[in-house]
Amino acid sequence: MKKIFCLNAISKFGTDMLTEDYQLVDEMKDADGVLVRSAAMHEMEFPESLKAIARAGAGVNNIPLDECAKKGIVVFNTPGANANGVKELVIAGMLLASRDVVGGIEWCQSIKEDPNIAKAVEKGKKAFAGCEIKGKKLGVIGLGAIGAEVANAAASLGMEVYGYDPFISVNGAWGLSRNVKHITSVDTIYQECDYITVHVPLLDTTRGMINKTTIDQMKKGVVVLNFARDLLVNDDDMAVALNEGKVHKYVTDFPNPKSANMAGAIVIPHLGASTEESEDNCAMMAVQEMMDYLENGNIKNSVNYPNCSMGVCHAASRVAVLHMNVPNMIGQITGTVASGNVNISDMTNKSRDQYAYTMLDLEKPAGDEIIGKLKAIDGVLGVRVIQ
């Protein structure tokens, strides 16, 4: 019986997928897997039994990824599961920035006791007039699951869409509308677009990528949207640009003490994936990933180990080894198995930066002695006998 602990409330659409081989437990002690959404895990102590953490969402800054990797704990996320929910809010953000709907609503509330409100509205509504997004240029930086959905939706609304992503996958490219113009230099987006939306991960190379230097390239009156990560935008530089009128509106899904006090910013309380559908989809994907790993050893959508799959296990035994990505590791692993007179019928090895993963299908079960020797290899972080 595999034990699963939910650190946050997880949609029943996900937990109901767990079979009779799984048990939901009330504490992390002795758990094989943890399902989590936003709970902070950096200060937590993990039990030796823990093999996997699945984040029902895309961001994993609440999880100590490297510490988990060193302990042989595979961390999963659910990219794309909430893409439609975020896409819809990005489109809404563009509309809110183009037409002062929020200001108009607040004004109507302020005069709701006026018996002549209908006449007052007809006289005063011009203060909240805006523009349409059809025919305007939208630049999408990052064409992953969410960025591609935004680009396609905007193109269908009649916008002229420019897309930039030097690392776009083949499948990602196939999924883009033919009306999206693939741009090879992000500077083109900064210089030519009326709206710019960012959909990239937070890395050292992307931190503060929207700053004075890039804003200076933009058209006067540009609208900037950030539904990806808070720190992609330099708040101080954005505040100056809003005050000077260089940026017309800054739409962000990440309130902080600076963004919440920016004149000209539309600050949304992190609602991008806050839909029933997104939460259900994330939960289902997280549970599927965890079950496939615990039952077959397959890794899909990990953020600290390489993706690696050998399908459903039909061998007499399958052994999975989590280890450092160093020379001669595969030789040591296969040599150890061979020393026990066990034949390897199939195997695969994948690496990701300093960590690697090896799966071996064996013609007969590996005994405790072989497993013990595998665990004793310098650089091996964990060994699992799948069956």
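Glutamate 279 is placed in helix H11, helices being DSSP runs of H or I of at least four residues and strands DSSP runs of E of at least two, both numbered from the N terminus. The model is a predicted one, in which local features need pLDDT of at least 70 and side-chain atom pairs count only at pLDDT 80 or more, whereas totals for chains, interfaces and linings use all residues. Residues are numbered from 1 along each chain as its sequence is written, and side-chain values use heavy atoms, with hydrogens and water left out.

With a relative accessibility of 32%, glutamate 279 counts as partly exposed, the class that lies between buried (under 20% relative accessible area) and exposed (over 50%), as computed with a 1.4 Å probe on protein chains only. Residues up to four places away in sequence being set aside, glutamate 279 touches Ser11, Arg37, Ala273 and Ser274, where contact means heavy atoms within 4.5 Å. The side chains of glutamate 279 and arginine 37 are joined by a polar contact of 3.2 Å; such a contact is a pair of N or O atoms within 3.5 Å, of which, within protein, one must be able to donate a hydrogen and the other to accept it, and residues adjacent in sequence count only if both atoms are side-chain atoms. The C-alpha atoms of glutamate 279 and histidine 248, 31 residues apart along the chain, are separated by 33 Å.

The largest nonpolar core has 30 residues, and those with the most contacts inside it are Leu35, Tyr293 and Tyr357; a core of this kind is a set of buried Ala, Val, Leu, Ile, Met, Phe, Trp, Tyr and Cys residues joined through side-chain atoms within 4.5 Å. Helix H11 (276-296) and the strands E4 (52-55), E5 (74-76), E13 (317-324) and E15 (355-362) each supply at least two residues of this core, the largest share, eight residues, coming from H11. At least three core residues are drawn from each of domain 1 (1-80 + 275-304) and domain 3 (306-386). Beyond its neighbours within four places in sequence, tyrosine 357 is in contact with residues including Tyr293, Ile299, Pro306 and Leu322.

The domain assignment also gives domain 2 (83-96 + 131-267), the bounds coming from an automatic or database assignment. The centres of domain 1 and domain 2, taken over C-alpha atoms, are separated by 31 Å, and four residues of domain 1 are in contact with four residues of domain 2. About 280 Å² is buried between these two domains, 53% of it given by carbon and sulfur atoms, buried area being the accessible area (1.4 Å probe) that two parts lose on being put together, summed over both. Of the area that domain 1 buries against domain 2, Gly59, Gly80 and Ser278 supply 78%, more than any other three residues. Across this interface the rule finds zero salt bridges and one residue pair in polar contact, both residues being at pLDDT 80 or more.

In the whole structure, 14 salt bridges are found, each defined by a side-chain nitrogen of Lys or Arg within 4 Å of a carboxyl oxygen of Asp or Glu. One of them links aspartate 194 to lysine 219, with the closest N and O atoms 2.7 Å apart. Aspartate 194 lies in the loop between helix H8 (186-192) and strand E9 (195-198) and lysine 219 in the loop between helix H9 (212-217) and strand E10 (222-226), so that the pair ties together parts 25 residues apart in sequence.
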